[in-house]
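Trainee: I would like to learn how to read a few features of a model. Can we take them one at a time?

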Amino acid sequence: MPHPFDRLRGSLARGQADDRLATLAGSVDFIEAWNARLLLGNGNARAAALAFAAGVPGVAVSDAHTVIEVGVASTILDGDPSTPEGLRDALAGDLVLRLGRASAYVRLFTPAAKLVQRLRRHGRIRATGASSAR
């Protein structure tokens, strides 16, 4: 469950009652309990509490949008997370969370890059194929 309490970006908690969110939390393999890009509010603490209450592993992530952010926060697992079953087994073991925060400067880079792409008329790539309408 990605950043469930981020007030500035898409969040599962937005518009959900606490009991509905707790039900959802119990049905996932892990909850993002630490997001290095979440700079405002208590979203990380609330996500960690949700993971604990639901009995679901909480993980730490960089949520990297730039190369400089990779590894700012991470979850170290024992095992082989290269398959769904391996990941579930690794999450059930001991986890080591490395908690870091992206700087505000780095956080400003993403909106600036989006603006440059819009000015260059490079928008998001739309899916094409039999299932997409034209």
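Trainee: How many residues does helix α2 have, and how far does α2 reach from its first C-alpha to its last?

Mentor: Bear in mind that this is a predicted model. Helix α2 covers residues 43–54, which is 12 residues. From first C-alpha to last it reaches 16 Å, close to the 16 Å expected at 1.5 Å a residue. G55 follows α2 and has a positive phi, near 70°.

Trainee: Which residues of α2 are buried?

Mentor: The general idea comes first. An α-helix has 3.6 residues a turn, so residues three or four places apart point the same way. In this structure, the buried residues of α2 are G43, N44, A47, L50 and A51. Seen down the axis of α2, these buried residues fall within an arc of 120°, so they line one face of the helix. A45, F52 and A53, on the other side of α2, are exposed.

Trainee: Which residues make up the largest nonpolar core?

Mentor: In soluble globular proteins, nonpolar side chains tend to be buried together. Here the largest nonpolar core has nine residues: M1, F5, L21, A25, I31, A47, L50, A51 and V56. Helices α1 (18–25) and α2 each supply at least two residues of this core. The largest share, three residues, comes from α2.

Trainee: What does A51 touch, not counting residues up to four places away in sequence?

Mentor: On that count, A51 touches I31, V56, P57 and G58.

Trainee: How many residues of strand β1 are buried?

Mentor: Five of the five residues of β1 (residues 31–35) are buried, so this strand is largely enclosed by the rest of the structure.

Trainee: In which sense do β1 and β2 pair, parallel or antiparallel?

Mentor: The two strands pair in the parallel sense, over four bridges. N35 stands opposite V61 in β2.

Trainee: Where does E69 lie, and does E69 count as buried or exposed?

Mentor: E69 lies in the loop between β2 (58–61) and β3 (74–76). The cut-off for buried is under 20% relative accessible area. At 1% relative accessibility, E69 therefore counts as buried.

Trainee: With which side chain does the side chain of E69 make a polar contact?

Mentor: The partner is the side chain of R37, at 2.6 Å. Leaving aside neighbours within four places in sequence, E69 is in contact with R37, S62, D63, A64, A102 and V106.

Terms used: Residues numbered from 1 in each chain as written. Predicted model: local features only at pLDDT ≥ 70, side-chain atom pairs only at ≥ 80, totals over all residues. Heavy atoms only, no water. Expected span 1.5 Å × (residues − 1). Buried < 20%, exposed > 50% of the residue type's maximum accessible area, 1.4 Å probe, protein only. Arc of directions from axis to C-beta. Polar contact = N/O pair within 3.5 Å; in protein donor to acceptor, adjacent residues only side chain to side chain. Contact = heavy atoms within 4.5 Å. Core = buried A, V, L, I, M, F, W, Y, C linked by side-chain atoms within 4.5 Å. Pairing = 2+ DSSP bridges.
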